[in-house]
Amino acid sequence: MSNTDSDLWQKYLAGDEAALGSIAERYYSTLKHYGQKFSVSEFIVKDCIQDLFLQLWQNRTQINDTASIKHYLLKGLRNHIFMHIRSSKQMVTHELDWNLGVLEHISGESILIEHEALLSRVEQLQRLMSQLSSREREAIYLHYFQDMSVGEIAEVMQVNRQSVSNFLTRAMSKMRSHCQPEHLFIFLYLFLKF
């Protein structure tokens with residue numbers, strides 16, 4: 001019988017190192033996928049994830065209970081990436097560039113469909129996503145791929161709930177105005193999958 005997130009978190013807070021290891025195993029791929037959406041190298045993402053879990057272990061006596069471990073970890077990873085970039089003096093503004101580079105490598109073979117119409121849709125998706133701000137792309141990712149609520153996204157992105165609603169509304173409005181309705185969900189799926 002596997003432990004629930006809540007059980008693991010309680011064990012971790014009580015000093016169970018194996019419970020924190022189980023949390024790390026459970027959420028590593030989610031964290032890595034999210035971290036790679038920012039314009040930092042895979043090495044930096046892995047380093048920030050490691051730092052996050054090291055900090056969690058070192059500060060376990062000061063950390064409180066949480067309703068959502070995933071939400072807590074995504075917010076923590078985002079903060080570590082920001083701190084890394086600031087310490088490297090690579091960041092001039094508060095906004096990270098949301099990486100669209102993965103989409104450049106999508107081909108018919110990589111998604112197992114050799115059909116010209118799909119490649120055309122992927123190109124259209126790239127154009128659509130490039131019209132969105134980095135904040136809009138991040139909000140779309142967190143909402144549709146990580147299944148996070150507006151309130152959770154607001155905490156992760158460190159903005160108010162109204163801003164998140166605005167990001168999501170503007171992004172969907174821009175996408176709807178530039179594509180056929182039946183293609184919108186295909187585009188979202190491809191964007192989130194890759």
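Colleague: Which helix is G21 in?
Modeller: G21 sits in helix 2, residues 17–35. Helices here are DSSP runs of H or I with at least four residues, strands are runs of E with at least two, and both are numbered from the N terminus. This is a predicted model, where local features need pLDDT of at least 70 and side-chain atom pairs count only at pLDDT 80 or more, while totals for chains, interfaces and linings use all residues. Residues are numbered from 1 along each chain as its sequence is written, and side-chain values use heavy atoms, leaving out hydrogens and water.

Colleague: Back up a bit. How many helices and strands are there?
Modeller: The protein chain has nine helices and zero strands. Of its 194 residues, 42% are buried.

Colleague: Now E136. Buried or exposed?
Modeller: E136 is buried, at a relative accessible area of 2%. It belongs to helix 6, residues 134–145.

Colleague: What is E136 in contact with?
Modeller: Leaving aside neighbours within four places in sequence, E136 is in contact with Q131, F167, R170, A171 and K174. Contact means heavy atoms within 4.5 Å.

Colleague: How many aromatic pairs are there?
Modeller: Four aromatic pairs. Rings of Phe, Tyr and Trp (its six-membered ring) pair if their centres lie within 6.5 Å; planes under 30 degrees apart are stacked, over 60 edge-to-face, and the rest tilted. One of the pairs is W9 and Y72, whose ring centres are 5.2 Å apart with planes at 65°, so this pair is edge-to-face.

Colleague: Which helices hold W9 and Y72?
Modeller: W9 is in helix 1 (residues 5–13) and Y72 in helix 4 (residues 69–87), so the pair ties together parts that are 63 residues apart in sequence. W9 is buried at 1% relative accessibility, whereas Y72 is partly exposed at 29%. Ring pairs also bring in Y12, giving a cluster of W9, Y12 and Y72.

Colleague: What is the volume of the largest pocket?
Modeller: About 230 Å³. A pocket is an open set of points on a 1 Å grid over the protein atoms alone, where a 1.4 Å probe fits, with protein on both sides within 12 Å along at least five of seven lines; lining residues have an atom within 4 Å of a point. Volume is the space filled by probe spheres set on the points, which are joined across faces, edges and corners.

Colleague: Which helix gives the largest share of the lining?
Modeller: Helix 4, with six residues. The lining includes Y72, along with H71, K75 and E155.

Colleague: Last one. Where is D147?
Modeller: D147 is in the loop between helix 6 and helix 7 (150–157). It is exposed, at 66% relative accessible area, and its phi is near 55°, a positive value in a residue other than glycine.

Conventions: Buried means under 20% relative accessible area, exposed over 50%, partly exposed in between (1.4 Å probe, protein chains only).
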